[in-house]
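Here are a few exercises to work through with the model open in your viewer. Try each task before you read its solution.

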There are 2 protein chains.
Amino acid sequence: MANWKSNVREVVPYTPGEQPKTKVIKLNTNENPYPPSPLVGKAISNIELDSLRKYPDPGCQSLISALAKYHGFDEENVFVGVGSDDVLAMSFLTFFNSEKPIFFPDITYSFYDVWASLFRIPFETKALDEEFKIIKSDYDMPCGGIVIPNPNAPTGIAEPVSFFEDIVKAHPECVVIIDEAYVDFGSESAMDLVRKYDNVLVVRTFSKSRAMAGNRIGYAIGSKQLIKYLSDCKFSFNSYTMDTITLQAGVASIEDDSYFKEKLDAVISTREWTKVQLKKLGFTFPDSKSNFIFAKHESMEASFIFEELKKRGIYVRYFSKPQRISNYLRISIGTDEEMQVFIDELKMILKGV
Amino acid sequence: MANWKSNVREVVPYTPGEQPKTKVIKLNTNENPYPPSPLVGKAISNIELDSLRKYPDPGCQSLISALAKYHGFDEENVFVGVGSDDVLAMSFLTFFNSEKPIFFPDITYSFYDVWASLFRIPFETKALDEEFKIIKSDYDMPCGGIVIPNPNAPTGIAEPVSFFEDIVKAHPECVVIIDEAYVDFGSESAMDLVRKYDNVLVVRTFSKSRAMAGNRIGYAIGSKQLIKYLSDCKFSFNSYTMDTITLQAGVASIEDDSYFKEKLDAVISTREWTKVQLKKLGFTFPDSKSNFIFAKHESMEASFIFEELKKRGIYVRYFSKPQRISNYLRISIGTDEEMQVFIDELKMILKGV
């Protein structure tokens, strides 16, 4: 008689990149190798304990105001959430309600198809070309929505803003989401399109460039209409998602722009150094504008290198599926010291030592 | 041509209880009048800044382990989320997939019907009796699931565990969720039923009894099967929702049990004092086992008292709908001093001063 199980939603859970518990070099989840701004630390230790007994500000006004000012928009152009996963999922739910399929690349962030399935949104993936680039003309037909990361992941390839303007202009019938999780590492933002088109939403995260993956902050910039729809949808079923401490930590990060830019420059320069080293060792890769490099070796298999690195305490990311990327490694950019050790160990592995 | 709006999910957002910005007596959102344990403050200021650059532990192991130990269950019996709203919404999504309707009281927590609509779950509400009590026999028919808060909100009425055991026993065909947001304030928990029945889920929050509404922590205790389904569903679309600081703050709260019990006793004793005062002033109310009292006056209208209190800087909650409760006020329990001021002001209002 115990048949409650027939009504359960049975799914296969996602397996996040490993978080090793021992001391290792962790280049597998695109985390920033530098800590967040010291101002973030100060904001956290200055929290008034008594303030925590109260619900947080559901409107997240302090953080929204800081972001609006930072990007030169009005507060009504900003939406915040618990990491960009939360912002993206909420955007799918709010904007993708057509019977036509939504479009996104076949090799891209792995949660787009998950959210589409979850919310029963029809979708069609568009294959990247031979060099892992997005083929713009594939998106040239009426659809229920479009979502593209720029730079794309795990390839790291960025497109110029004109590329996205063409797409947005061609699709007044739907919302176009540009997922800029990695944009701060040196590519063009599509944020200016928000000033010209009311159907474009730019999504950002504090997890990578702001070194705050542990805090869970994401946000979206869009037309006031878009943000109003998104907020209404969010508030219709969960008012309190951003906690009091996170809101204050987020504001503090925005306030320390010189630290932010200094650490971005450091990551970018380490990335460029790493590219040179990898090339010398016989690796090829698309030109990454993100904080990772998606590389394959001319002769040694990715799965083998992955296992060898792991034995030596260095974690990179390896995707066995799909087939087309199964000979690639996604290598997050660490500190100069970490990347030096990584390159040294790679040399040994390639020599068979 | 700009017809993207036709695909938008248009909804009416929830209006949370007001968070007044000036100094007032806030008895409108069932917050705890005392701060969280000092250990929570210590845990927050001890956060290592560098740890925040990394993703949080998606398994939330530290908090799950502390909760399992505290309640005498295994870790596999515990699920945690961003407030009990998150836990409840995820439970609806995971367990309520029948074509038969789910049941819950007609006067109850206002988000049940919202999540049911969001996830397209058919539902049927069961009217409370004349004294606002749940009529057990109304739930005596096969259904897609049941969710009942105990104590119920906004009435504050609690039922004994035997009441819920009868319901659970009668429904092997579905999952029964008991929402114990207010249980710590003096009613029987149904947690022991989890040891006997694999289809019962008990949901709790840190927002009320643990004075941590600002942190957003909720959890569920259920059979290992139930928790596995719930975790799989959660991990299938969002791995990182609980942030690093919140996890540590939650553990610290659990560790300070003497503080927790001391403050619970204080709230309960203030509630009992308030009941006596309200009765003297001509109010009637169901016997509340929560941290609020749901009261109406013998002659003066609730909406009038609500507005008068507000003018005097005292916020209580007033629901104009449904009609049946539109002459009631929901009064959260504050400190002794706050409740004394509240009672004094009420006396003046009733005298027309």
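**Exercise 1. Work out the surroundings of Thr155(B) in this predicted model.**

Step 1: start with the neighbours. Leaving out residues up to four places away in sequence, Thr155(B) touches Leu128(B), Phe132(B), Pro286(B), Phe292(B) and Phe294(B).

Step 2: Thr155(B) sits in the loop that runs between β5 (145-149) and α5 (161-169) of chain B.

Step 3: decide whether it is buried or exposed. The cut-off for buried is under 20% relative accessible area. Thr155(B) has 0% relative accessibility, so it counts as buried.

Step 4: look for polar partners of the side chain. A polar atom of the Thr155(B) side chain lies 3.5 Å from the backbone oxygen of Asn152(B). On the nitrogen side, the backbone nitrogen of Ile157(B) is 3.3 Å from a polar atom of that Thr155(B) side chain.

**Exercise 2. Find the pairing partner of strand β2 (residues 78-81) of chain B, then check whether its faces are covered.**

Step 1: get the partner. β2(B) pairs with strand β8 (residues 218-222) of chain B, in the antiparallel sense and over four bridges.

Step 2: pick one bridge to look at. Phe79(B) has Ala220(B) in β8(B) as its bridge partner.

Step 3: sort the residues by face. Val78(B) and Val80(B) point to one side, with Phe79(B) and Gly81(B) on the other. All four are buried, and both faces of β2(B) are covered.

**Exercise 3. Describe the interface between chain A and chain B: its extent, its polar links and what chain A brings to it.**

Step 1: take the extent. Chain A puts 83 residues into the contact, and chain B puts in 83 residues. Together the two chains bury about 7,100 Å², with 59% of that on carbon and sulfur atoms.

Step 2: find the top contributors in chain A. Trp4(A), Arg53(A) and Tyr55(A) lose the most area to chain B, together 12% of what that side buries.

Step 3: tally the polar links. You get zero salt bridges between chain A and chain B, but 20 residue pairs in polar contact across the interface, both residues at pLDDT 80 or more.

Step 4: list the helices. α1 (38-45), α3 (83-95), α4 (112-118), α7 (224-237) and α8 (244-255) of chain A each supply at least two residues of the side that touches chain B. α7(A) gives the most, with eight residues.

Step 5: The chain A side that touches chain B comes out as 43 nonpolar, 24 polar and 16 charged residues.

Methods
Residues numbered from 1 in each chain as written. Chains lettered and ligands numbered in written order. Predicted model: local features only at pLDDT ≥ 70, side-chain atom pairs only at ≥ 80, totals over all residues. Heavy atoms only, no water. Contact = heavy atoms within 4.5 Å. Buried area = accessible area lost by both parts, 1.4 Å probe. Salt bridge = Lys/Arg side-chain N within 4 Å of Asp/Glu carboxyl O. Polar contact = N/O pair within 3.5 Å; in protein donor to acceptor, adjacent residues only side chain to side chain. Nonpolar A, V, L, I, M, F, W, Y, C, P; charged D, E, K, R; others polar. Buried < 20%, exposed > 50% of the residue type's maximum accessible area, 1.4 Å probe, protein only. Pairing = 2+ DSSP bridges.
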